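User: I've got a model open and want to talk through a few of its features. Can you take my questions one at a time?

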Amino acid sequence: HENYEDDYLSEYGDECIQIDGLYRCWDIHIPDKLDNKYPLVLDLHGWGDTVEDQKNISGFQSLADTDDFIVIYPQGSILPSTGQPHWNDSGWTSESPANDIDFISSLIDWAYAEYQIDLSRVYATGKSNGGKMSYHLACNLGYRIAGVASFGGSKTPNTYATCSPNQPTAIVHIHGRDDTVVPIDGNGRSTPLTDMIDYWKNYNACDQETIFALPDLNNDGYGGSLYRYHSCLNNVAVELFLMEQIAHDWPTDLNDYDIIAADEIWNFLQQFNINGRIAQ
């Protein structure tokens, strides 16, 4: 990327560093009232998308202003074979030039140096490929990740086979039953949803399950189900929102689904830090 640094900066983020010869960029949203020790949410875009795409759909900025946390939108690098932005979630290891684990770790260091974030409250979330990368971070950079929230992105088979977290980890996953990009039954690039959720239930030693019916708020005749796994180590939890009539679209207040993903994600993640559930 050395020949188009200015274009890359303008299209893919306000801040950039160079890692292994690649310009790695990001945008950051700072809450209106900034203080030390704020939590950090890393919000990762989907395959082929940009930071602007994720900022426009995810809805974390207004929450950050209200609830006092920082959001960083990292930009995935360009996959040479397709020319599209991506995350090296271990499904693309054979051809991706990016070390995204190092990139995200460097981003956390940068955020701490610039804003003195609460290092015990760093969360990874994302859509699709970004959701898969969030799980990849929990498995390979777990000592820095307090919780993960994924929409429409299961673990890749390689992440599933080699996952090695550092501590019990809070997990919330949102998935549409009609998702054909990352189907709930899995495919060559995605672990079946039941296997992925079972992994986190077992790793966190959760021994209770509660199932809630989610109401049909948009009157389309369909709602969803919330599967909550609790009584886990360090009092973390694992939650799965399985939604009817949703495909691969991030649920917001603009697309008239039965949940707002950002609200559910932040309501869940904010309960935990790297040591488990935060005492009230």
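Predicted model: local features only at pLDDT ≥ 70, side-chain atom pairs only at ≥ 80, totals over all residues.

User: Is Tyr160 buried, exposed or partly exposed?
Analyst: Its relative accessibility comes to 33%. The in-between class runs from the buried limit of 20% to the exposed limit of 50%. That value therefore makes Tyr160 partly exposed.

User: What kind of aromatic pair do Tyr160 and Tyr199 form?
Analyst: Their ring centres are 6.2 Å apart, with 65 degrees between the planes. Planes over 60 degrees apart count as edge-to-face. So Tyr160 in helix α6 and Tyr199 in helix α7 tie together parts 39 residues apart in sequence, and the pair they form is edge-to-face.

User: Which residue has its charged end over the ring of Tyr199?
Analyst: Tyr199 itself has 18% relative accessibility, so it counts as buried. The charged end over its ring sits 3.3 Å from the centre, and it belongs to Lys155.

User: How far apart are the end C-alpha atoms of helix α5?
Analyst: Helix α5 covers residues 129-140, twelve in total. At 1.5 Å a residue, it should span 16 Å. The model agrees, as the end C-alpha atoms are apart by 16 Å.

User: How many residues of α5 are buried?
Analyst: The buried ones include Asn129, Lys132 and Cys139. Helix α5 is largely enclosed by the rest of the structure, because the buried count, out of twelve, is eleven.

Conventions. Residues numbered from 1 in each chain as written. Heavy atoms only, no water. Helix = DSSP H or I, 4+ residues; strand = E, 2+ residues; numbered from the N terminus. Expected span 1.5 Å × (residues − 1). Buried < 20%, exposed > 50% of the residue type's maximum accessible area, 1.4 Å probe, protein only. Phe/Tyr/Trp six-rings, centres within 6.5 Å; stacked < 30°, edge-to-face > 60°. Lys NZ or Arg CZ within 6 Å of the ring centre and 35° of its normal.
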